[in-house]
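The sequence and model are shown first.

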Amino acid sequence: MKTLDEYNKEFYNRRKEKEQFRAGVKCDKCEAEMLLDNPYVMLTTWPAKQSVVCPDCGYRGYITK
C-alpha cells in the first residue's frame, strides 16, 4: 500500500501529462491542439463550458460541453 505522500506525488505527476488533457480542438491563432486548462473544473453555465489554453501561443478560450 502507498503512503499518502507517494499517492499525491503520483497523482500530480499524472496530472502534468499533457496527453491526458487534450481538448480536441485547434487554436484559432496558431492551429496547435488546445489543452484543458483545468480539467477538473466545469462552468455550470448553460450550456456547460470548460477553459482551454494553447500550449504553444498561450491563447485562451472556452469549449462547450
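## Strand pairing

Leu-36 stands opposite Val-52 in strand 3. Strands 2 and 3 run antiparallel and are joined by two bridges. Here strands (E, at least two residues) and helices (H or I, at least four residues) are DSSP runs, numbered from the N terminus, and two strands pair if DSSP finds at least two bridges between them. This is a predicted model, in which local features need pLDDT of at least 70 and side-chain atom pairs count only at pLDDT 80 or more, while totals for chains, interfaces and linings use all residues. Residues are numbered from 1 along each chain as its sequence is written, and side-chain values use heavy atoms, with hydrogens and water left out.

Strand 2 (residues 33-36) also pairs with strand 1 (residues 22-26), again in the antiparallel sense and over two bridges. In this pairing Arg-22 stands opposite Leu-35, and Lys-26 stands opposite Glu-33.

## The hairpin of strands 1 and 2

Six residues lie between the strands of this hairpin. Glu-31, in the loop between strand 1 and strand 2, has a positive phi of about 65 degrees although it is not a glycine. Glu-31 counts as exposed at 55% relative accessibility; the classes are buried for under 20% relative accessible area, exposed for over 50%, and partly exposed in between, with a 1.4 Å probe and protein chains only.

## Nonpolar core

The largest nonpolar core has nine residues: Phe-21, Ala-23, Cys-27, Ala-32, Met-34, Leu-36, Val-52, Cys-54 and Ile-63. A core of this kind is a set of buried Ala, Val, Leu, Ile, Met, Phe, Trp, Tyr and Cys residues joined through side-chain atoms within 4.5 Å. In soluble globular proteins, nonpolar side chains tend to be buried together.

Leu-36 is in contact (heavy atoms within 4.5 Å) with Phe-21, Ala-23, Gln-50, Ser-51, Val-52 and Ile-63, leaving aside its neighbours within four places in sequence.

## Aromatic pair

The structure holds one aromatic pair. The ring centres of Phe-21 and Tyr-40 are 6.3 Å apart and the planes stand at 80 degrees, so the pair is edge-to-face. Rings of Phe, Tyr and Trp (its six-membered ring) pair if their centres lie within 6.5 Å; planes under 30 degrees apart count as stacked, over 60 as edge-to-face and the rest as tilted.

Phe-21 belongs to the loop between helix 1 (4-16) and strand 1, and Tyr-40 to the loop between strand 2 and strand 3 (49-53), so the pair ties together parts that are 19 residues apart in sequence. Phe-21 is buried, with a relative accessible area of 9%, whereas Tyr-40 counts as partly exposed at 49%.

## Cysteines

The count of disulfides, defined as pairs of cysteine sulfur atoms within 2.5 Å, comes to zero. Cys-27 is in no disulfide, and the nearest cysteine sulfur, that of Cys-57, is 3.6 Å away. For Cys-54, the closest cysteine sulfur is in Cys-30, at 3.4 Å, too far for a bond. Cys-27 is buried at 3% relative accessible area, and Cys-54 is buried at 2%.

## Cis peptide bond

A cis peptide bond, with omega of about -5 degrees, joins Trp-46 and Pro-47. Pro-47 is in the loop between strand 2 and strand 3.

## Overall form

The C-alpha trace spans about 45 × 30 × 15 Å along its principal axes.

Of the 65 residues, 22% count as buried. Among contacts between residues at least 6 apart in sequence, 19% join residues at least 24 apart. Asp-5, in helix 1, counts as exposed at 55% relative accessibility. The C-alpha atoms of Asp-5 and Ser-51, 46 residues apart along the chain, are separated by 29 Å.
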